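Hello,

Here is the structure I promised to pass on. Please open it first, then read my notes below.

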Amino acid sequence: MNVVLTDPRAVAETVTDPELPTLTLADLGVLRDVRVVNGTVVVEITPTYSGCPAMGVMRADLLHALHEAGFPEVEVRTVLSPAWSTDWISEDGRRKLAEGGIAPPGKAPVRTTGPVPLQLGPSRRTAACPLCGSPDTEELSEFSSTACKALRRCRSCREPFEHVKEI
Amino acid sequence: MAHEETVYDALTNAHDDAGHWAFGTGFDEPLAGVDTTVPDGVDPAALGEYCLMLGDDALVLAQRLTQWVTAAPELEEEVAIANVALDLLGQARLLLARAGSVGVLGRSRDRATASIPDEDALAYFRDPDEFRHTALVEAPNGDFAQTMIRLLAASTVRLAVFARLRGSRDPVLAAIAAKGVNELAYHRDHAARWVLRLGDGTPESHRRAQAGADAVWPLLAETFAATDLELRLTEAGIAVDPSEVRDEVVGVLTEVLERATLRVPAWPADAPPRGRLGEHGPELAELLGTLQGLARQHPAATW
């Protein structure tokens with residue numbers, strides 16, 4: 001049975017990501033704001049990547065959860081600015097990623113206003129193997145099953161794993 | 001299970017009771033809840049045309065890249081190319097939706113039924129002469145080396161433009177650009193690493209990479225040429241004059257090719273803008289035939 005919650009923010013914070021169901025939208029930093037305006041619950045979410053195909057499902061899940069919890073008037077808005085950053089993933093979210101076999105991101109690059117410097121070498125990022133814990137891992141591809149993850153391999157246990165790449 | 005069914009219902013009936021249009025790129029309006037007010041003193045029609053230029057660059061390149069799916073040289077690379085294409089498609093959706101939000105829909109609305117969202121009407125129901133991309137993104141892929149050289153060139157240009165566009169007076173364009181910069185940096189660096197591997201690889205990969213560069217370079221002729229509309233909007237603080245990014249683009253491309261032991265082809269003389277004004281080669285009709293054919297045959301299909 002669902003517990004009936006009266007705080008719409010608490011309800012919205014229970015909604016999970018469609019592709020990473022152990023993480024909530026709040027863990028990911030996708031949920032930006034929940035407030036009540038003239039009796040309507042206004043929820044703001046931000047896409048991780050411009051092409052993230054999960055936004056529609058997130059929107060539907062948020063509407064469903066809030067309707068179920070007794071909030072008939074709900075509006076889910078997209079906010080584009082500031083752009084989502086992996087730095088917004090909570091500590092809890094990082095722990096859940098690692099428990100799910102996905103290496104959490106390091107610190108996102110700081111974007112200044114000038115040109116973006118070219119990076120020709122292998123990426124400088126590192127990630128410990130989420131399966132055996134070894135720091136000795138290598139990057140196979142900067143793009144993996146979703147745009148937000150890179151593909152790596154552990155040189156110790158030889159298992160491939162995904163890594164949420166810094167953005 | 002019950003919950004999943006409810007979610008499915010919510011998705012399929014998000015817009016109206018008649019079901020969801022069958023060929024849309026997404027289930028939702030990408031600018032839902034975004035303030036789309038046009039800044040003071042800006043001609044909405046010009047802003048919309050500019051969004052089509054940037055949106056069509058992304059849409060057409062995404063379609064070209066997608067042609068590698070099931071044909072890429074290795075599985076990881078296929079996934080990478082598809083991801084790059086998806087990012088570009090996302091940028092295209094936002095930009096076409098922005099064009100639609102200011103009423104710039106060309107003749108697409110004459111052909112698309114009312115229930116089809118603006119972004120989809122623009123993608124599926126415009127004819128070749130209504131597209132506003134440059135020749136750089138339209139040319140056929142060629143082999144893998146040429147594809148990566150073109151991706152390097154196109155993402156370097158787009159990244160340089162978007163980096164400047166972050167300061168646009170149109171908050172929607174500025175936000176799309178700021179988000180796009182993060183994605184395009186990954187695209188450009190990915191392509192650049194491939195160019196290094198291929199150029200500084202085997203004699204055969206070097207030969208192909210050089211041929212790819214020689215084929216792509218002439219496509220840059222109209223890249224830095226601004227249309228009157230871009231100049232007017234640059235003056236108004238909305239757009240970026242593409243001639244401003246020339247030095248940066250030349251610098252990046254030269255650095256990558258030299259490090260890849262490739263000869264930098266002669267830079268083409270500036271040509272007047274053609275693609276931005278709707279003049280395209282015969283390849284576009286073929287590409288759009290694939291992109292649009294099904295939607296045009298069944299314009300009222302829903303699911």
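**What I found**

A:Arg158 is found in the loop between β6 and β7 (160-164) of chain A. Helices (H or I, at least four residues) and strands (E, at least two) are DSSP runs, numbered from the N terminus. Phi of A:Arg158 is near 70°, a positive value in a residue other than glycine. Most residues other than glycine have a negative phi, and most peptide bonds are trans. A:Arg158 counts as exposed because it has 10 C-beta neighbours inside 10 Å. The cut-offs are these: buried means 20 or more other C-beta atoms within 10 Å of a residue's own, exposed means 12 or fewer, and partly exposed is in between, with C-beta atoms placed from the backbone.

A word on the model. It is predicted, so local features need pLDDT of at least 70, side-chain atom pairs count only at pLDDT 80 or more, and totals for chains, interfaces and linings use all residues. Residues are numbered from 1 along each chain as its sequence is written, while chains are lettered from A and ligands numbered from 1 in the order in which they are written.

**Chain A**

Chain A is divided into domain 1 (8-78) and domain 2 (124-167); such bounds come from an automatic or database domain assignment. The centres of these two domains, taken over C-alpha atoms, are 29 Å apart.

Start with strands β1 (residues 31-37) and β2 of chain A. They pair in the antiparallel sense over six bridges. Two strands pair if DSSP finds at least two bridges between them. A:Glu44 in β2(A) is the bridge partner of A:Asp33. The two strands form a hairpin with two residues between them, and A:Asn38 in the turn has a positive phi of about 50°.

How do the side chains point along β2 (residues 40-45) of chain A, and which are buried? A:Val41, A:Val43 and A:Ile45 point to one face and are buried.

Next comes an open sheet of four strands, in the order β4-β7-β6-β5 (chain A), with mixed pairing. Its edge strands are β4 (102-103) and β5 (137-141) of chain A, and each pairs on one side only. β5(A) and β6 (residues 149-154) of chain A run antiparallel, with four bridges.

One peptide bond deserves a look. A:Ser81 and A:Pro82 are joined by a cis bond, with omega about -5°. A:Pro82 lies in the loop between β3 and α4 (91-99) of chain A.

**Where the chains meet**

46 residues of chain B are in contact with 34 residues of chain A. Contact means that the C-beta atoms, placed from the backbone, lie within 7 Å. On the side of chain B that touches chain A, α8(B) gives the most, with 16 residues.

**Chain B**

B:Arg246 is in helix α11 (residues 246-259) of chain B. B:Arg246 is partly exposed, because 17 other C-beta atoms lie within 10 Å. B:Thr261 sits in the loop between α11 and α12 (282-297) of chain B. B:Thr261 is not a glycine, yet its phi is positive, at about 60°. With 13 C-beta neighbours inside 10 Å, B:Thr261 counts as partly exposed.

Best wishes

Technical notes:
Contact = placed C-beta atoms within 7 Å.
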